[in-house]
Every structure is written in C-alpha cells, then in structure tokens.
Amino acid sequence: MRSLTLDVAVNADSAILWHDDALHLLDQRRLPLRELFIRCESAVETAVAIRAMVVRGAPAIGIAAAYGVALAARQRFQESGAHWRRALESDLEVLAESRPTAVNLFWALAHCRSRLDDIQGDPFPPMLAEARALHAADRAMNRRMGEFGAALIESGAAVITHCNTGGLATGGHGTALGVIRTAFAQGRIDRVFADETRPWLQGARLTAWELVRDDIPVALMADGAAAARMAAGGIGWVIVGSDRIAANGDVANKIGTYALALAARHHGVGFMVAAPTSTIDPETPTGDAIPIETRSAEEVLECAGQRVAAEGADAWNPVFDVTPAALVDAIVTEKGVIRNPDPERIAQHLSA
Ligand code: MRU
C-alpha cells in the first residue's frame, strides 16, 4: 500500500473519499502524527486496507466495502465484459473475509449484491452511485442518532467513551461520538473522558484527534481508570458504539466495553449504545454467536511498533467483547431509542 498526501482539507468526516477515479482512505494507522491517504483501485486493495485497519469502525468498514464493490465492478467489466458477474464473486468473498465481527460489512455487501442482480450493461456507474448513496445515508443517520441520544443526557454531565466512534469510524459525524458532538453543541455535555483503548489506542490517537479539532474538552484515561472515574462522581453516561448487536440486545464492541458496562451498573451510571439499525443482526440470536476477531499478539506485546513486553511472554488479543443486554440501558439508532433492550423490543424497533 502506497501512502500519499492529497490536496484536500483533512478532517474526520471525509476520511473516505472518492477522488481521482479511485477510493482514498485516510490512513488511521498513521494518525494523529501523519495525515496520509491510501489509494485503492480494486476490491483486493480495499480488503487489504480494511484488514490492516487503514479504515476501521463498523459503519466505515461497510462503506469502504461498498466502494470496493464499485471498484470490482469496474475492473471485472473491463476484463470480462458481459461475463463480469462471475468474476466479481471472488471480489465479494475477499471483501467479506477482511474482518469478521462488524456486521455492517456483511450488510453492505448483501445490499450491493442485491443491486448487482438488477444491472444490465456496465455495472460500474450504478455501483459507484450505490456506494455514494450508502455513504451519504450513513452520515444522515448519524445526525438523527445524535439527536435521539443527546435527548437522553441531562445538562451538565461528563461522559465516558471507548474506542473511536466518530467521523473516522463512520460516513461522518459518528455514532457514540455523534451523540457526544450533538449533546455538546446543545450544552448537555461539558467534558469527555476517553479511554485510550489499548492495544490499538483508537481513543488516544483517533477520538482525542477528533474531539480536539471540534474544541470539545477531552481527558484521556488508561482503560483501567474508568471505574475509578465513575466512583469519583459526575459521570452521566458511558456512551459507546457497536460492531454487532444480537437479536436479544447483546452488544459486541471494542474489547473493554463489557468491563465499562459492569462498572457503570455498579456506580449507577447510564450505559448507552449508539449504532445504526444495520448493526443489529436479527440472524445472530445472542452474543455467544457473534464471531469475535482475534488479532496478532504483537498488538499487545508492542506499542507503536516498539516491543514493550518481556521477551518470552505471549498475549491474548480478542479485539471485541460482548456486553449482555441486561447491562445496557439504551440502544440508540437512527429510528429512535430502545430502552432496556430485549428480543421483543429489538424486533419491534426493527419492524417499525
Ligand atoms: O477494531 P475497530 O477499531 O474497527 O473497532 C471499532 C469499534 O469497536 C467501534 O466502537 C465500533 O465499530 C463502532 S464505530 C461507529
């Protein structure tokens, strides 16, 4: 993957760009130190970028994959003409194998596949239009989610968040960070405590980058400090995103979320999950059935490419955990709020 600087204003809400006939992804591995893009011209290059976490965050992965399908459509039509459909199957598979937990990836691929079925002639223009439409729809949904979530927050609260759920992780504005941005604009939040989010440091590198640029006061904490911060008082809500919500309301999110939910319940702090309805997976009955990605031991044994652990030590690196529905006070989607989620409330919300 070749890094390049683009002559565009770099901000979190335009981290996924269609530019110069190709997909450009703001390289989140390099933030906040460097603002470089990776250019993707095929589905395979897009899948490699997703796997390497150039782009990450459940909705952003889905959007990038949709652009990946458009790139595949262009390539396969150029190579195979009328036989493009068969050639494109392997691209869909490669994209589906890039990361296993975020259901938004599979949702976006299924959505693109259903559109492909109707296409006659060159599939590239309609599939690029489809990717752009998904991208714009995600931004709009996050704005609505922001309003619904902010309305739950009483003025003057500080909140805790985990991982990065902002513009970088979505098509723009963010899920949990979108709620925080909206609530801050409304004067409901005065301060954000952000977990640094070991091992990949999405909180320290990405959430802090976004909040500082928005002039929203942010204090970083070691992940293990969150319970003590709740005990110290003044925290209204823990607000997080999700990579997959099971049909019973169990929530998969960045490793460490479950511990936050336990601590929140103990301290009487509200626990809010903000995610679009495409993150709710009716096919996954409970959290036990959610595939949890395990990444390399080096992510834990090293920090910024520098070995920090004692030589000879191994590591366990599941990058998501599952918070049981019973610990979740509210799931906020673009359609509204599900309080105390359970299978019936989730099904009702999806069919509304
Ligand atoms: O491994 P990542 O950085 O892709 O994990 C991201 C998260 O866990 C986010 O909280 C989740 O995708 C929701 S993002 C809007």
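**Close-up 1. N253 and the ligand in the predicted model.** A polar side-chain atom of N253 sits 2.6 Å from an oxygen atom of the ligand. K254 also places a polar side-chain atom by a ligand oxygen, at 2.7 Å. For Q202, an N or O atom of the side chain lies 2.8 Å from an oxygen atom of the ligand.

**Close-up 2. Residues around the ligand.** The ligand is surrounded by 19 residues. R56, R99, Q202, N253 and K254 are the closest.

**Close-up 3. Helices α1 and α2.** Helix α1 covers residues 43-51, and helix α2 covers residues 58-80. Their axes come within 8 Å and cross at roughly 160°. Angles over 145 degrees count as roughly antiparallel, so α1 is roughly antiparallel to α2. The crossing of α1 past α2 is right-handed. From α1, the residues in contact are A43, T46 and I50. They meet I61, A64, A65, G68, L71 and A72 of α2. By class, this contact has seven nonpolar and two polar residues, with no charged ones.

**Close-up 4. Helices α3 and α4.** Helix α3 spans residues 84-96, and helix α4 spans residues 103-116. The two axes come within 11 Å and cross at roughly 170°. That angle makes α3 roughly antiparallel to α4. On the α3 side, the contact is formed by W84, R85, L88, E89, L92, L95 and A96. On the α4 side, L105, F106, L109, R113 and L116 take part. The contact of α3 with α4 divides into nine nonpolar, no polar and three charged residues.

Technical notes. Residues numbered from 1 in each chain as written. Predicted model: local features only at pLDDT ≥ 70, side-chain atom pairs only at ≥ 80, totals over all residues. Heavy atoms only, no water. Axes fitted to C-alpha atoms, helices over the stretch in contact; angles between N-to-C directions. Helix = DSSP H or I, 4+ residues; strand = E, 2+ residues; numbered from the N terminus. Parallel < 35°, antiparallel > 145°, perpendicular 65-115°, else oblique. Left-handed = near helix turned anticlockwise from the far one by under 90°. Contact = heavy atoms within 4.5 Å. Nonpolar A, V, L, I, M, F, W, Y, C, P; charged D, E, K, R; others polar. Near = heavy atom within 4 Å. Polar contact = N/O pair within 3.5 Å; in protein donor to acceptor, adjacent residues only side chain to side chain.
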